[in-house]
Amino acid sequence: MTAKTVTIFAALVSLCIAFGANAQAVQQTKGNFEDKFRQLDEVWPTPGGTRVASGAPGHAYWQQRVDYRINVTLDAEDKRIAGQATVTYHNNAPDALDYLWVQLDQNIFARHSWADDSETPSNASRLTFSEFRRLTGREGFDGGYDITSVRDSSGADLPTTTVDTMMRIDLPQPLAPGAVLAFSIDWTFQVPEAEVFDSRSGYETFPDDGGEIYEIAQWYPRLATYTDTAGWNNKQFLGTGEFDLEFGDFDVSITVPDTHVVAATGVLANAEEVLTEDQRRRLGDARNADQPVYIVTAKEASASTKRRARGTRTWRFTAENVRDFAFASSSKFIWDAMGHQRGDGGEPVMAMSFYPEEASPLWDQYSTEAVVHTLEVFGKHLFPYPYPVAQSVSGPVTGMEYPMITFNPYRPERNEDDDPTYARATKYGLISVIIHEIGHQYFPMIVNSDERRWAWLDEGLTSFMQFITEQAWEADYPSRRGPAEKALQYMTRPNQTPIMTEADSALGLGSNAYVKPAVALNILRETVLGRELFDFAFAEYGHRWQFKRATPVDFFRTMEDASGVDLDWFWRGWFYSTDHVDIALANVIRARIDTQNPDAEKKIARAKAEDANKQIWQQRNAKADTRVEARRGLKDFYDENDEYTVTDSQREDYQSLLNRLDDWQVDLLKRDDNIYFIVLKNIGGLVMPVILAIEYDDGSSEELRIPAEIWRYDTRRAVKMLVTKKEIAEITLDPHLETADAERRNNHWPRQFEPGTLELYKPEGERNLMRQMREDRDDAR
């Protein structure tokens, strides 16, 4: 390349860079127009061979794969895990890798972990006992991994560098594209008490019988992801942003006390070694049962808890094409199961529940049924559940999901006589959390995503489908996520962040990543697209990305591509901004066509003037005598003619006008319709469809559903014209409460009385300390 060629090439590169920068820096420098329908192309990544513009995986899509063979032992006496893993890493990337990053999530429990040192209290003057215990819990706890060995397949040590919850393994030579690397890791760690740390993994102890339940997750060193969008995802685990993992096969042997029953990701591979003959028979019967069958009965669980372990037992599980592995272990587990018949005619899915006696009578009635119900509804809207097992486990973890297994809270209360009762909120809380966590089997366990960055992409989508599943459980189910009004409190408060905020930075994560996305998607389904278009597009997203890693933009693009509707305005408002919905019926103007006929128009004008409200002095002077009336000679031409008098020249002008107009124009002048101009104001800033319920004075009604594009020229004010023979009596904006409009009082024309109640109370007297102490002394006697 000559020097001249280099100069020309450099100039072209500079020009392209400048053009690209200018293309992304479009600015409105005049007026106050705000384009909320602007396309998001400048924000979204450029499509390519791995991810195409339709939102689908491209012809060059790739993802890494990691297989694990693990032996792990749970020491219930010392509350300690010890494991050895052989890891097989498949480099499917087009890049050579000089090192591997491994996630050491247990290090979050180490003293002075980044999570520990960066955690702040919720209040500087008042804390709950639980929060204070959690904030100080690491002081006496030896948490975090002890990595005792990292070796290659020949047994040689591999150099490592640990950075808080991440460990880099340096390779002796780059791992080429398409190459496979096997290595081993040995480790131990102390199991945290889940209630102390409010953790996703840990144990609980039952004081009455000494039994324990262990729910073990983030328990093995897990390979970080290497992707086409981010390279290595070595973002630290701070406790809020969850996990980003690769698919692979697992072969896991779990050694526990011989009194324990184990539930785990995958299929039990050695049932004949760990279950009695009766238990194996019951497990076979449950596969085609139409109601849950006990595999381990309450009597058997009670006997195991009372018996002291005499040794250990190893349970072996295998799982194919999963992104993680978790397990639960306890002597207290009652185990029930039934088969879920998949819609595609495949083998039944074993829906199973594991719970202590203390969870009855709630869990035995609802848990497994809720698992089956969730698989049915999610399968109908997306695709049949592809894994062989789905499990719900009662333990100390307050709601977490892993492939084929979930950890769920809620149990009945028991009084001094051990009589169990439960509140209505407990019943529906249990059903809802099981629906939510089992729903996570679809997002992100099958339709994979990066939870560390985008919590909403799995939590929001699952919460949306949770709402649909709850409403299919029973009519008017008390759902906490999905109905439009559930998002109002968060969307109108000053301290909030857009949905498209990374999980560790989001304010109010429950509302930001769960409630608001669920409400947004329900509005998209019911109001913007309609159920047919939405359901097709949503299912298409699931089909495209099952067992692959999707990004938010893949979701956005797929929903537009499959529905055929431009939704950039919707994503921009709901996901990229903190605007809220508050559309007001600012005014309604009733008009008629000016016929331009002087005889007709002047008559109308006169009547209007005569009917106009008189000022107070005019009203009081109406019957007073005037000089002109008393002295008739003072009257002249203007007492007989006024501005409403029609002249011949005005009539001639009108006729001349008619002669110049076409017939259809003349017909328009003669129309006697009522013409209404409905003035709308967008106070909240979020552009949305406008739904108007119109009541007419003849008792009839109609509903207008106006698309959001009415705001495209002015996002603050819009006017809708309505031409009708009828007279409007009343207009209601958002009559079905479907758009999350935050202010109902400005949604009516004419304005309505706001209902309210007045509470009367008797003020309490000043506290009498002397009287209180005397009464306490008398009571003590």
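A strand, in this tour, is a DSSP run of E residues at least two long, and strands are numbered from the N terminus. With that in hand, select Gln 173: it lies in strand 6, residues 166-175. Keep in mind as you look around that this is a predicted model.

**Stop 1: Gln 173**

Is Gln 173 buried or exposed? Exposed means over 50% relative accessible area. Gln 173 has 53% relative accessibility, so it counts as exposed. The C-alpha atoms of Gln 173 and Gln 772 are separated by 81 Å, and the two residues are 599 residues apart along the chain.

**Stop 2**

Next, show the strands 4-7-2-1-13-17-15, listed here in their order in an open sheet with mixed pairing. Which strands stand at the edges? They are strand 4 (146-152) and strand 15 (267-268); each has a single partner strand, so one side of each is left without a neighbour in the sheet. Stay with strand 4 and bring in strand 7, residues 180-190: the two run antiparallel and are joined by six bridges. To see one of these pairings, pick Arg 151, whose bridge partner in strand 7 is Ser 184.

**Stop 2: strand 18 and its two partners**

Now look for the partners of strand 18. Strand 9 (residues 212-216) runs antiparallel to strand 18, with four bridges between them. Strand 14 (residues 261-264) is also antiparallel to strand 18 and is joined to it by four bridges. Click on Ala 328 to link the two views: Ala 328 is the bridge partner of Glu 215, and Ala 263 stands opposite Ala 328 as well.

**Stop 3: the nonpolar core**

Move on to Trp 219, Trp 456, Phe 555, Trp 571 and Trp 574. These residues have the most contacts inside the largest nonpolar core, which has 193 residues. The largest share of this core, 10 residues, comes from helix 12, residues 509-529.

What does Phe 555 touch? Leaving aside residues up to four places away in sequence, Phe 555 touches Trp 456, Leu 457, Leu 461, Leu 521, Phe 538, Tyr 541 and Trp 571.

**Stop 4**

On the helix 12 side you will find Leu 521, Leu 524, Arg 525, Glu 526 and Leu 529, which meet Arg 531, Leu 533, Phe 534 and Asp 535 in helix 13.

**Stop 5: strand 29**

Select strand 29, residues 674-682. This strand is mostly covered, with seven of its nine residues buried. Strand 28 (residues 583-591) runs antiparallel to strand 29, and eight bridges join them; Ile 583 has Asn 682 as its bridge partner. Strand 32 (residues 717-724) is antiparallel to strand 29 too, again with eight bridges, and here Ile 678 is partnered by Lys 720.

**Last stop: a sheet of four strands**

Finish with the open sheet in the order 31-30-33-34, where the pairing is antiparallel. Zoom in on strand 33 (residues 728-733) and strand 34, which pair over two bridges. Thr 732 has His 748 in strand 34 as its bridge partner.

Technical notes: Residues numbered from 1 in each chain as written. Predicted model: local features only at pLDDT ≥ 70, side-chain atom pairs only at ≥ 80, totals over all residues. Heavy atoms only, no water. Core = buried A, V, L, I, M, F, W, Y, C linked by side-chain atoms within 4.5 Å. Buried < 20%, exposed > 50% of the residue type's maximum accessible area, 1.4 Å probe, protein only. Contact = heavy atoms within 4.5 Å. Pairing = 2+ DSSP bridges.
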